[in-house]
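Colleague: Before I use this model I want to know what stands behind the words in its description. Please take me through the terms one by one.

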Amino acid sequence: TLIGQGSYGRVYRAYDRTLCRTVALKVETGFSPSSALSNEARILRNLTKEPSLQGFARFYHFSREGVCQLLVMELLGESLIDMLQQSAKGRLSLKSTVLAAEQML
């Protein structure tokens, strides 16, 4: 299930049969040696080594399949779109907005 997309790829909710859990699967198409996703995977792998830092999705796997690059990582909570759709007023609370902004910086 597609849960988000950005300038260089898409993020899907997927089930990993090896891990026996639901994960986030980031897919980047159009391979280049300096791809954003391979850099993200390298950084995430280093940040989530034991003892891992809080606030980062756990890294599970990175691979290249043809012209696609795939990053499998921990699925964290709801998406911003899900939160907006569930909100009675159609907007995030001040607390949620500040937390999201902090994570984007």
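Predicted model: local features only at pLDDT ≥ 70, side-chain atom pairs only at ≥ 80, totals over all residues.

Modeller: Residues are numbered from 1 along each chain as its sequence is written, and side-chain values use heavy atoms, with hydrogens and water left out.

Colleague: Why is the pair Lys-26 and Glu-40 called a salt bridge?

Modeller: A salt bridge is a side-chain nitrogen of Lys or Arg within 4 Å of a carboxyl oxygen of Asp or Glu. The closest N and O atoms of Lys-26 and Glu-40 are 2.6 Å apart, so the pair meets that rule. Lys-26 lies in strand β3 (residues 21–29) and Glu-40 in helix α1 (residues 36–47), so the bridge ties together parts 14 residues apart in sequence. Strands (E, at least two residues) and helices (H or I, at least four) are DSSP runs, numbered from the N terminus.

Colleague: What makes Lys-26 buried?

Modeller: Buried means under 20% relative accessible area, exposed over 50%, and partly exposed in between, with a 1.4 Å probe and protein chains only. Lys-26 has 17%, so the word buried applies. Glu-40 has 21% and is therefore partly exposed.

Colleague: How do you know that β3 and β5 pair?

Modeller: Two strands pair if DSSP finds at least two bridges between them. β3 and β5 have seven, in the antiparallel sense, so they qualify. Ala-24 stands opposite Met-73 in β5. Met-73 is also the bridge partner of Phe-59, and β4 (residues 59–65) pairs with β5 over six bridges, again antiparallel.

Colleague: What makes the largest nonpolar core a core?

Modeller: The term covers buried Ala, Val, Leu, Ile, Met, Phe, Trp, Tyr and Cys residues joined through side-chain atoms within 4.5 Å. The largest such set has 10 residues, among them Ala-24, Leu-44, Phe-59 and Met-73. Helix α1 gives the most, with three residues.
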